[in-house]
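Visitor: I would like a close look at one part of this structure. Please take me through the sheet and what surrounds it.

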Amino acid sequence: MTESHAHAHRPTNHSASGPGELIACIPGALGFYPQESLVLIGLEQHGPDSSAFALGPIVRADLGNQDQLEHAMRALEFADQDVHLAVIITRIPNSRLALETAYFLEHSGTEGVPGIAACWHVSEVASGTPYTLLFDAAGATATTATAAPGSPLADAPAKYFSGAVPSVVGAPTMRGLLENGLLPELNREEIALHFESSSGAETRRCEALYEAAYTQGRLLIEQRFTRPQALLAAVERGCEMLNPGRGHEAEFPAGSATKPLMLDDCFASDEDVQLLAALLSQSHLRDSLIIDIVESPGAAAQRLLCIARNFTGMIRANALSLWAIAAVESGLEPWGFAALRAAQEELPGHSLSAVQRQLMAIGEWEGMLDTAVAGCRLLWEEIEDNCVA
């Protein structure tokens with residue numbers, strides 16, 4: 001999948017009452033405060049009232065990046081929303097990039113590209129920041145202050161055309177972050193740093209285990225039919241590490257700059273580090289861990305994060321993909337999406353993270369979890385059948 005820098009969040013049933021409330025939802029949805037960005041917002045009709053809409057997927061693109069813009073608009077189209085809105089975030093609203101983006105959006109609506117019902121400008125997403133309407137489908141602007149008769153936005157109040165962003169912390173998309181003791185990062189780079197190792201010693205320690213982990217993973221795959229009990233014992237031990245059971249609850253996400261997370265915090269020995277890395281080196285082994293990750297996302301996330309930070313290649317990409325599952329299960333979709341982006345950067349074309357991103361980009365986080373769990377169940381049935389054959 002082409003890197004798009006699009007982001008999405010879990011759809012909610014909370015209706016936002018105006019543009020300011022929609023703009024306030026953006027940091028919680030993305031997990032960071034976007035700058036110099038285009039943000040597209042989907043709305044679904046909610047209930048019998050034709051004027052009531054629920055917040056759907058939110059996607060972002062770098063301002064002026066045409067490839068990202070087109071990819072973001074396609075993602076919103078695939079989400080099958082009833083109304084498409086846009087917010088241009090820039091401190092220079094009359095710049096060439098901003099004006100070209102607004103022109104493109106105002107004249108969108110061709111095959112495969114959704115029409116934008118309305119677009120606002122805001123210099124930054126912060127409580128109290130003024131916003132103004134740039135255009136809507138009826139040709140209205142903040143200066144004309146009119147909306148199309150009969151449209152879902154007809155009889156719009158004054159705050160439809162201009163106003164101030166309300167409390168960002170009070171936005172419904174902030175709930176998952178707040179429940180986990182978090183706030184949005186200052187920018188996208190900050191959230192990406194969460195997946196990078198800060199310890200050269202730990203990285204070198206894992207480099208020494210790298211080849212052995214891949215060798216062990218290949219051997220376990222070869223033993224699927226010849227020594228199925230050995231494979232069963234390995235995956236059971238991996239699941240036990242990720243889901244240690246009662247009394248081992250853990251915060252999610254652990255390992256921030258203020259809460260360093262080290263290998264010795266998560267693993268009893270290098271043998272355990274190597275085994276989990278081995279299970280993450282092969283897709284057939286990786287998928288056996290998913291149910292236990294869903295059951296214990298906090299503990300699983302800690303161990304997966306340690307592996308992701310200190311290994312490279314397929315092991316890191318798979319660890320990040322499973323970490324994303326733990327994040328989504330914990331209500332932290334923006335962090336999960338950031339992990340999937342990091343997986344694609346590590347291994348472009350990595351199949352699991354690509355599929356996960358496609359599902360999350362259209363708000364299908366539940367489908368992502370259900371598909372992953374169903375695949376895990378089938379894999380366990382195969383492992384157990386081989387053991388009794």
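Guide: Here is a walk through the sheet, strand by strand, and then its helices and loops. The model is predicted: local features need pLDDT of at least 70, side-chain atom pairs count only at pLDDT 80 or more, and totals for chains, interfaces and linings use all residues. Residues are numbered from 1 along each chain as its sequence is written, and side-chain values use heavy atoms, with hydrogens and water left out.

Six strands form an open sheet in the order β2-β1-β3-β4-β5-β6, with mixed pairing. β2 and β6 stand at the edges with a single partner strand each, so one side of each has no neighbour in the sheet. From one strand to the next, the twist averages 25°. Strands (E, at least two residues) and helices (H or I, at least four) are DSSP runs, numbered from the N terminus. Two strands pair if DSSP finds at least two bridges between them. Axes are lines fitted to C-alpha atoms, for helices over the stretch in contact, and angles run from 0 to 180 degrees between N-to-C directions.

Now zoom in on β1, residues 37-45. Seven of its nine residues are buried, so β1 is largely enclosed by the rest of the structure. Buried means under 20% relative accessible area, exposed means over 50%, and partly exposed is in between (1.4 Å probe, protein chains only). Eight bridges tie β1 to β2 (residues 53-62), and the two run antiparallel. Glu44 has Ala54 as its bridge partner in β2. β1 also pairs with β3 (residues 83-89), again antiparallel, over seven bridges. There, Ser37 has Ile89 as its bridge partner.

Further along, β4 (residues 118-122) and β5 (residues 130-136) are antiparallel too, with five bridges. His121 is partnered by Thr132 in β5.

Next come the helices. α3 lies across β1, β2 and β3, at about 160° to β2. α4 (residues 96-106) lies across β1, β3, β4 and β5, at about 175° to β3. Contact here means heavy atoms within 4.5 Å.

Finish with two loops. Glu36 sits in the loop between α2 (26-30) and β1. Glu36 is not a glycine, yet its phi is positive, about 45°. Its relative accessible area is 37%, so Glu36 is partly exposed. Asp80 lies in the loop between α3 (66-78) and β3. Asp80 also has a positive phi without being a glycine, about 60°. With a relative accessible area of 62%, Asp80 is exposed.
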